[in-house]
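Subject: Structure handover

Hi,

Here is the structure for your set. My notes follow below it.

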Amino acid sequence: MIFDSFMTRARTSIAKRKHYNRLVAEIENLSGRDLADLRADRSEMLYQVRKQIYG
């Protein structure tokens, strides 16, 4: 029972980290021109991704 709970939390944590890493990689690959076209700020995007995934 305790082990199952631990494994569930570990799987959830790993899934969150994979999702976070994938989104960060996408944001980091945007060029300055892409960001200008989106009227976006890279640091704000990274902040929002972290906030969205981790709360």
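Arginine 17 counts as partly exposed because its relative accessibility is 40%. The cut-offs: buried means under 20% relative accessible area, exposed means over 50%, and partly exposed is in between (1.4 Å probe, protein chains only). Arginine 17 sits in helix α1, residues 2-28. Helices here are DSSP runs (H or I, at least four residues), and strands are E runs of at least two, numbered from the N terminus.

Some ground rules. This is a predicted model: local features need pLDDT of at least 70, side-chain atom pairs count only at pLDDT 80 or more, and totals for chains, interfaces and linings use all residues. Residues are numbered from 1 along each chain as its sequence is written, and side-chain values use heavy atoms, with hydrogens and water left out.

Lysine 18 and glutamate 28 are ten residues apart in sequence, and their C-alpha atoms are 15 Å apart in space.

Asparagine 21 belongs to helix α1 too. Asparagine 21 is partly exposed, because its relative accessible area is 40%. From asparagine 21 to leucine 35 is 14 residues in sequence and 19 Å in space, C-alpha to C-alpha.

How α1 and α3 pack

The axes of α1 and α3 are 10 Å apart, and the helices pack at an angle of about 165°. That makes α1 roughly antiparallel to α3. Axes are lines fitted to C-alpha atoms, for helices over the stretch in contact, and angles run from 0 to 180 degrees between N-to-C directions. Under 35 degrees counts as roughly parallel, over 145 as roughly antiparallel, 65 to 115 as roughly perpendicular, and the rest as oblique.

Which residues make up the largest nonpolar core? There are five: Tyr20, Val24, Ile27, Val49 and Ile53. Two or more of these residues come from each of α1 and α3. The largest share, three residues, is from α1. A nonpolar core is a set of buried Ala, Val, Leu, Ile, Met, Phe, Trp, Tyr and Cys residues joined through side-chain atoms within 4.5 Å. In soluble globular proteins, nonpolar side chains tend to be buried together.

Helix α3 and its end

Helix α3 covers residues 42-54. Its 13 residues should span 18 Å at 1.5 Å a residue, and the end C-alpha atoms are 18 Å apart, so the two values agree. The expected span is 1.5 Å times one less than the number of residues. Glycine 55 follows α3, and its phi is positive, near 90°.

The structure holds one salt bridge (a side-chain nitrogen of Lys or Arg within 4 Å of a carboxyl oxygen of Asp or Glu). Aspartate 37 and arginine 33 form it through their side chains, at 3.3 Å, N to O. Both lie in helix α2 (residues 32-38), four residues apart, about one turn of the helix. Aspartate 37 and arginine 33 are both exposed.

Arginine 39 lies in the loop between α2 and α3. Its phi is positive, near 55°, and arginine 39 is not a glycine. Arginine 39 counts as exposed because its relative accessibility is 80%.

Best wishes
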